[in-house]
Amino acid sequence: METREPEMYDVVGIGFGPSNLSLAVALEEQRTPLKTVFFERRPSISWHPGMLMSGAKMQVSFLKDLATFRNPVSEFSFVSYLHEMGRLARFVNNQDFFPSRQEFHAYLEWAGAKVAHRVTYNAQVTAVRLPEPHASGPADHLRLEVTDPRSTGGTRLVGARNVVISTGLVPRMPPGIERGESVWHSSEFLHRLKERDTDGLRRVAVVGAGQSAAEIVRYLHDNVPGVSVSAILPSYGYSIADNTPFANQVFDPDAADEFYRGSHRSKEAIWHYHKNTNYSVVDNEVLSDLYQRAYADEVGNEGRLDFINLARVVDVKQGPNDTRVTVHSLAGEESYDLDVDVLVCATGYDPMDPTEILGDLGAHCLQDDEDRYRVTRDYRLVTTDALRCGIYLQGGTEHTHGLSSSLLSNLAVRSGEIASSILDSRVAEEEMGIRV
Ligand SMILES: Cc1cc2nc3c(=O)[nH]c(=O)nc-3n(C[C@H](O)[C@H](O)[C@H](O)COP(=O)(O)OP(=O)(O)OC[C@H]3O[C@@H](n4cnc5c(N)ncnc54)[C@H](O)[C@@H]3O)c2cc1C
């Protein structure tokens with residue numbers, strides 16, 4: 001039985017990437033009386049640091065920042081950031097809607113510093129539970145266990161009337177292939193490359209057909225002289241990301257409403273027609289650049305770029321000196337081995353899944369007939385009567401709210417909706433006399 005009384009908060013955010021940073025901004029701007037804290041396991045804000053390569057650009061307009069779509073005059077906007085940095089005029093002269101990822105990262109750090117009082121870094125939430133014991137009737141708060149080296153015993157207990165889970169995408173490896181010394185996932189690419197003696201790199205294989213795969217092929221070609229890169233693609237070459245105006249409407253704030261209200265068939269249709277806005281696709285600029293390199297490589301007989309189409313990695317054996325990759329080619333329905341120094345798996349991510357962190361509490365979160373969490377329009381998990389407190393999701397809602405679930409496009413509006421929902425339930429509880 002727990003003896004310590006936890007510190008009690010109205011809102012506890014788990015994770016402090018762009019989604020919960022945007023929520024912190026919304027709460028700051030709404031000047032709510034809510035007592036909040038966000039826990040982030042990393043020592044500082046870091047947005048996909050393993051892929052923060054120079055030259056990599058955003059796949060979303062700078063106006064889809066942490067705040068603008070919710071509050072166009074926000075002091076937390078990307079434009080405010082540029083203004084404060086003294087770069088606004090030069091940014092505009094550049095005539096480019098898509099800043100570099102490095103610049104967007106710097107913007108996130110800048111915004112994060114303005115709400116630093118709401119965040120505890122180096123603090124990982126390991127469990128969310130019902131309070132033990134709790135009085136009869138629905139639980140009005142949850143207990144969180146937080147690994148925090150600054151606390152006595154290294155663990156901190158926190159009470160939360162509302163929890164907002166935003167732990168991010170989960171790196172996915174090809175089936176049956178494990179990470180190792182020479183087998184990396186794209187999410188750790190830059191860190192692993194930094195640890196490695198790149199002078200010794202002769203051949204690297206990059207598996208995958210999406211943006212990360214293409215960016216890594218290009219980065220290796222640019223930055224590791226002498227290395228040969230084999231790109232292993234399940235398709236017949238990279239396909240272009242649909243970034244055209246009509247298709248882009250699937251990321252509009254209104255689209256979340258339409259998707260949410262839509263039938264199973266309409267949801268399937270949106271996914272079917274528009275998944276090429278985001279999944280297994282590459283920006284035109286990167287794609288064209290890679291093709292030109294491949295052509296120049298062929299003309300110059302350099303042998304540094306090799307594209308293996310319609311192929312999958314089916315096995316990997318890691319030895320002390322090199323790594324043997326078994327590739328199955330669909331073209332000839334044959335398998336063969338490729339010896340490489342490193343295999344990079346740019347094989348994507350699974351959506352955020354709160355199941356692990358919810359543990360036994362998951363039994364109180366209702367699911368649909370496809371075993372997916374039921375979520376209300378305001379991103380709140382539908383729970384049994386045992387709970388009165390709120391559990392909100394930022395991410396993992398593609399089945400209910402559509403394609404922008406894991407992206408930046410709708411962050412500002414979504415965070416505003418979550419902040420309002422939390423505030424409204426507090427006001428309702430006060431009016432009903434449940435809470436004073
Ligand atoms: C390389 C790459 C580039 C991308 N570029 C774009 C883009 O240009 N445009 C776009 O719209 N989308 C892009 N995305 C999609 C991406 O999901 C979003 O950009 C964004 O990261 C979503 O923010 P988030 O806060 O939901 O998740 P994340 O950014 O993943 O943040 C989650 C945070 O939670 C922390 N955390 C996890 N578990 C715990 C825990 N138990 N306790 C405490 N902290 C925890 C993590 O350390 C992390 O900081 C990109 C994705 C990748 C991988």
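V206 stands opposite V344 in β15. In this predicted model, strand β9 (residues 203-207) and strand β15 (residues 342-345) run parallel and are joined by 4 bridges. Both strands belong to an open sheet of 5 strands with parallel pairing. The points below cover that sheet, the helices, a hairpin and the cysteines.

**The parallel sheet**
- The strand order is β8-β15-β9-β10-β11.
- β8 (183-185) and β11 (305-308) are the edge strands.
- Each of these two has a single partner strand, so one side of β8 and one side of β11 have no neighbour in the sheet.
- From one strand to the next, the twist averages 20 degrees.

**Helix α6 on the sheet**
- Helix α6 (residues 211-223) lies across β9, β10 (228-232), β11 and β15.
- The direction of α6 is at about 165 degrees to β9.
- A213 is one of the residues of helix α6.
- With a relative accessible area of 1%, A213 is buried, because buried means under 20%.
- Apart from neighbours within four places in sequence, A213 is in contact with V206, V207, G208 and A346.
- V206, one of these contacts of A213, is the residue that stands opposite V344 in β15.
- P43 lies 170 residues from A213 along the chain, and the C-alpha atoms of the two are separated by 27 Å.

**Helix α6 against helix α10**
- Two packed helices are described by the angle between their axes and the distance between the axes.
- For α6 and helix α10 (residues 284-299), the angle is about 45 degrees and the axes are 10 Å apart.
- α6 is therefore oblique to α10.
- The crossing of α6 past α10 is left-handed.
- On the α6 side, the residues that meet α10 are Q211, A214, E215, V217, R218, H221 and D222.
- On the α10 side, their counterparts are E285, V286, D289, L290 and R293.

**Helix α2 against helix α4**
- Helix α2 (residues 78-85) and helix α4 (residues 101-114) cross at roughly 90 degrees, and their axes come within 10 Å.
- This angle makes α2 roughly perpendicular to α4.
- α2 contributes F78, S80, Y81, L82, E84 and M85 to the contact.
- α4 contributes E103, F104, A106, Y107, W110 and K114.

**The β12-β13 hairpin**
- Strand β12 (residues 311-318) and strand β13 (residues 323-329) run antiparallel and are joined by 7 bridges.
- The two strands form a hairpin, with 4 residues between β12 and β13.
- Within this pair, V316 stands opposite V325 in β13.

**Cysteines**
- A disulfide is a covalent bond between the sulfur atoms of two cysteines.
- The model has a count of 0 disulfides.
- C365 counts as buried, at 4% relative accessibility.
- C345 is also buried, with a relative accessible area of 0%.
- Strand β15 (residues 342-345) ends at C345.

Notes: Residues numbered from 1 in each chain as written. Predicted model: local features only at pLDDT ≥ 70, side-chain atom pairs only at ≥ 80, totals over all residues. Heavy atoms only, no water. Disulfide = S-S within 2.5 Å. Buried < 20%, exposed > 50% of the residue type's maximum accessible area, 1.4 Å probe, protein only. Pairing = 2+ DSSP bridges. Axes fitted to C-alpha atoms, helices over the stretch in contact; angles between N-to-C directions. Contact = heavy atoms within 4.5 Å. Parallel < 35°, antiparallel > 145°, perpendicular 65-115°, else oblique. Left-handed = near helix turned anticlockwise from the far one by under 90°.
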